[in-house]
Amino acid sequence: MIKSDLSSFNNDWYRPGSSVKRLLWYFFNVLFLLNPLNPFVGLKIFVLKMFGAKIGEGVIIKPKVSVKYPWKLEIGANTWIGENVWIDNLDVVKIGSNCCLSQGALLLSGNHNYKKKSFDLLVRPITLEDGAWVGARAIVVQGVVMKSHSILTVNSVATANLEPYGIYQGNPAVKIRERIISES
Amino acid sequence: MIKSDLSSFNNDWYRPGSSVKRLLWYFFNVLFLLNPLNPFVGLKIFVLKMFGAKIGEGVIIKPKVSVKYPWKLEIGANTWIGENVWIDNLDVVKIGSNCCLSQGALLLSGNHNYKKKSFDLLVRPITLEDGAWVGARAIVVQGVVMKSHSILTVNSVATANLEPYGIYQGNPAVKIRERIISES
Amino acid sequence: MIKSDLSSFNNDWYRPGSSVKRLLWYFFNVLFLLNPLNPFVGLKIFVLKMFGAKIGEGVIIKPKVSVKYPWKLEIGANTWIGENVWIDNLDVVKIGSNCCLSQGALLLSGNHNYKKKSFDLLVRPITLEDGAWVGARAIVVQGVVMKSHSILTVNSVATANLEPYGIYQGNPAVKIRERIISES
């Protein structure tokens, strides 16, 4: 059997932004987003935009959120980012309007090629279409599209695309119900 | 299909306590409970009680615990609250005596009505009866009663009541065994 | 039915190190490992070794890692410890070479005997053989051996040994595939 050798890992091809920008953002993330002593939403959105994030009107960002690279992040209007949400966007993460990421949700756009001894880095975008809801501590892995108004329930793991208005549960998440929305 | 519209969200009916008290507690929680530089159990219990929590004798609270609203929290005697436990008690959380919440456990008393375009807030109490054990990183959602001495295993999600002395696993958690306790 | 009584809990037999050492390490862990303002890998490895950890060449330790007792920790060469990884090593944790613990992974070497009214502490070692990969937010419980190059997928829970080159998913994790590694 061939063994993995992480000393042969090489991600030189991956250029997520200048090292100065990434270092600066690392500390801005720690001080303004992760830091629970800053509960001020406006200030968080300001620093995210300063680093290139596109963020719509009416977005709410709760305490202790972490974003890997703001310049790879788009968030539509009236979307909520809950407490302890972790947007680990090595690749582009697009979040639509009227979405909700509940507390502790994790978007995981990086992975490793476990079939290579060099354990190569793999990055793929994640898309949450309008009205999608990622439940508390649920996890969306790389390449997944949560279609319009789909729901991933508490602690579930989305490993493939979720159909529009579908409700998914489990690890891996499977469809359990349709979401039907009434006017009022 | 009807779309959700989070700008129409309205939780004016929800009155969890005066805004001054909530703001004050937010920072007390950060400084005395979440802050790992305060490992002093007595001090944590003191500030929780100051804000209205009812806490029995012999309770242990480990580092980095978070409590949403102490005035909606009751904990019986000799109960242990483990490291990184998150009591997100938008509604009343009653924890009995001799209970254990292991590290990273999450009690989730809030939810949203995903069938309404306004994504209304839903809150319901959570009850842990005497001797209940919430395993590491396990999650109890709103409305659930963990009956006497029931167990929710590591990383499982309780979405419905757990029977007395039942052991539950998975997402959603299902009963896998009975708990039989011997005298010594 | 017999009830549990946590006031009768007694772990006097458990001697994980002098109380001075444990207290000191508690604060070193908070200041040098958990603290996101210290992203310096060399400094983390230095303090871990100072407290008795055995750590090979080329090891990477990301921010916000937590280690319970460094003197009960061994890590082989070229192994990666991801962001927010929690090594709760009440008993010895041996991690081989070329392993990866992805972000939020949890090694849980402590447990409680839920069949005793005194809820006795149970500790057992955990072993990760060379090339093993613990996925993001996956959990390995006490006594488990992850055999050579086994994989535990995102958010899964390993409750029993994992076979060499086996890929496991779910809670409890079950084998879903073989891992076949190619040279390049």
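Strands, like helices, are DSSP runs numbered from the N terminus, with at least two residues (E) required for a strand and at least four (H or I) for a helix, and two strands are taken to pair if DSSP finds at least two bridges between them. The model is a predicted one, in which local features need pLDDT of at least 70 and side-chain atom pairs count only at pLDDT 80 or more, whereas totals for chains, interfaces and linings use all residues. Residues are numbered from 1 along each chain as its sequence is written, while chains are lettered from A and ligands numbered from 1 in the order in which they are written.

Within the sheet of chain C, strand 13 (residues 133-134) and strand 16 (residues 151-152) run parallel and are joined by two bridges. The bridge partner of C:Trp133 in strand 16 of chain C is C:Ile151. Strands of a sheet pair through backbone hydrogen bonds, in either a parallel or an antiparallel sense. In chain A, an open sheet of five strands has the order 1-4-7-12-15, with parallel pairing. Strand 1 (54-55) and strand 15 (145-146) of chain A lie at the edges of this sheet with a single partner strand each, so one side of each is left without a neighbour in the sheet. Strand 7 (residues 93-95) and strand 12 (residues 126-128) of chain A pair in the parallel sense over three bridges, and A:Val93 stands opposite A:Ile126 in strand 12 of chain A.

Two packed helices are described by the angle between their axes and the distance between the axes. Helix 1 (residues 19-34) and helix 2 (residues 41-50) of chain C pack at an angle of about 160°, with their axes 9 Å apart; the axes are lines fitted to C-alpha atoms, for helices over the stretch in contact, and angles run from 0 to 180 degrees between N-to-C directions. Helix 1 and helix 2 of chain C are therefore roughly antiparallel to each other, a description applied to angles over 145 degrees, whereas those under 35 count as roughly parallel, those from 65 to 115 as roughly perpendicular and the rest as oblique. The contact is made by C:Phe28, C:Phe32 and C:Leu33 of helix 1 of chain C and by C:Leu43, C:Lys44 and C:Val47 of helix 2 of chain C, where two residues are in contact if their C-beta atoms, placed from the backbone, lie within 7 Å. These contact residues of helix 1 and helix 2 of chain C divide into five nonpolar, no polar and one charged, with Ala, Val, Leu, Ile, Met, Phe, Trp, Tyr, Cys and Pro counted as nonpolar, Asp, Glu, Lys and Arg as charged, and the others, Gly among them, as polar.

In chain B, the axes of helix 1 (residues 19-34) and helix 2 (residues 41-50) come within 9 Å and cross at roughly 160°, which makes helix 1 of chain B roughly antiparallel to helix 2 of chain B. The crossing of helix 1 of chain B past helix 2 of chain B is left-handed.

Between chains, 29 residues of chain A are in contact with 23 residues of chain B, and the side of chain A that touches chain B comprises twelve nonpolar, 13 polar and four charged residues. The contact of chain C with chain A takes 29 residues from chain C and 24 residues from chain A. A rotation of 120° with 0.0 Å of shift along its axis superposes chain C on chain A with an RMSD of 0.0 Å, which is the relation of a three-fold axis; copies are superposed by least squares on the C-alpha atoms of residues with pLDDT of at least 70 in both. Only 3% of the interface residues of chain C are also interface residues in chain A, so the copies meet through different surfaces.

Backbone geometry was also examined. The peptide bond from A:Asn171 to A:Pro172 is cis, with omega near 0°, and A:Pro172 is found in the loop between strand 18 (166-169) and strand 19 (174-178) of chain A.

Notes:
A crossing is left-handed if the near helix is turned anticlockwise from the far one by less than a right angle, and right-handed if clockwise.
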